[in-house]
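Hello,

Here is the structure I promised to pass on.

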Amino acid sequence: MLWVLLPAYNEAANIPPLLEGLKATLASWPGGAPPCTVVVVDDGSTDDTATAARSVDGLEVVVLIHDPNQGLGAAMRTGITHVLDHGVDDDLLIALDADNTHPTSLMPGMVAKADGGAQLVIASRFQPGAEIHGLDTFRILVSQAASWLLRVMFPGARDYTCGYRCYRVALLRWGQDHYGDEFMNQTGFAIMVDILLKLRRRARPIEEVPLILRYDLKQGASKMKVAQTAITTLRLLARRFVGNPRGP
Ligand SMILES: Nc1nc2c(ncn2[C@@H]2O[C@H](COP(=O)(O)OP(=O)(O)OP(=O)(O)O)[C@@H](O)[C@H]2O)c(=O)[nH]1
Ligand SMILES: [Mg+2]
């Protein structure tokens, strides 16, 4: 069974086209699609994100509500906890941004790699064949710098910050059992790096597929606070690097 997790903050305009894309992906899945449940975490949106998430027929969609807004990390924690509570170890969880920048057409390739034995598959901007449409040069440079720094400090992956990932539920359950409350304790964007650092040895070898980033399809302005996220993430890396993180 496939769980699709969408953390969503003011994504009412982006969720319907994303879910229509998911329906098309499932309909044309090579060899037939796995049963799929979508989990949308509406993170205290002030628009109609929850209504938009329920507006598409033909998909099983669970909407979990945060009120008020708690941040991407808290939204991920709520969604992953729901899947751990309702799914089984053999299930797969694909998380992606709800702003329609991550094409669902990459999912069959990610699931094929997971079925081939990978416990963690990342849609990566740093694999041959990756394409970035519509993102400004500054953001591209920041993500390249982050990738370079993280690869040097914590080898094992190339794209540490992209949220488009496929996890075997057993791997997430291991993280929950091993780290307890610390597993998903980052409330903001830093959760993406943090989870990866916590799982990376257990998940080895992490596989990546080339990401096609469709930033040009995103409706609405960027909500990412680049400077604040960079500072929080750098602090986290320093702590992890110096503090000898727990892990196998
Ligand atoms: N910004 C923001 N996003 C959140 C929050 N909670 C959940 N999200 C969702 O987290 C995902 C990633 O956020 P994005 O704003 O797309 O982050 P990004 O892709 O790094 O940057 P932009 O696309 O430029 O905004 C999206 O699906 C958001 O809707 C929150 O509190 N703030
Ligand atoms: Mg985005």
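Ligand 1 is surrounded by 18 residues. The closest are Pro7, Glu11, Asp43, Tyr215 and Ser222. Keep in mind that this is a predicted model. By class, the shell around ligand 1 splits into eight nonpolar, three polar and seven charged residues.

Now the polar contacts of the ligand. Ser222 brings a side-chain N or O atom to 2.6 Å from an oxygen atom of ligand 1. Asp99 uses its side chain, with a polar atom 2.8 Å from an oxygen of ligand 1. How much of ligand 1 does the protein bury? Taken alone, ligand 1 exposes 590 Å², and the protein buries 92% of that.

Next, Ser45. This residue is in the loop between strand E2 (36-43) and helix H2 (49-54). Is Ser45 buried or exposed? Its relative accessible area is 16%, and buried means under 20%, so Ser45 counts as buried. Its side chain has two polar partners to look at. One is the side chain of Asp42, in a polar contact at 2.6 Å. The other is the backbone nitrogen of Asn10, which lies 2.8 Å from a polar atom of the Ser45 side chain.

Best regards

Note on methods: Residues are numbered from 1 along each chain as its sequence is written. Chains are lettered from A and ligands numbered from 1 in the order in which they are written. This is a predicted model: local features need pLDDT of at least 70, side-chain atom pairs count only at pLDDT 80 or more; totals for chains, interfaces and linings use all residues. Side-chain values use heavy atoms; hydrogens and water are left out. A residue is near a molecule or strand if one of its heavy atoms lies within 4 Å of it. A polar contact is a pair of N or O atoms within 3.5 Å; within protein, one must be able to donate a hydrogen and the other to accept it, and residues adjacent in sequence count only if both atoms are side-chain atoms. Accessible areas come from the Shrake-Rupley method with a 1.4 Å probe; for residues, only the protein chains shown count as cover. Ala, Val, Leu, Ile, Met, Phe, Trp, Tyr, Cys and Pro count as nonpolar, Asp, Glu, Lys and Arg as charged, and the others, Gly among them, as polar. Helices (H or I, at least four residues) and strands (E, at least two) are DSSP runs, numbered from the N terminus. Buried means under 20% relative accessible area, exposed over 50%, partly exposed in between (1.4 Å probe, protein chains only).
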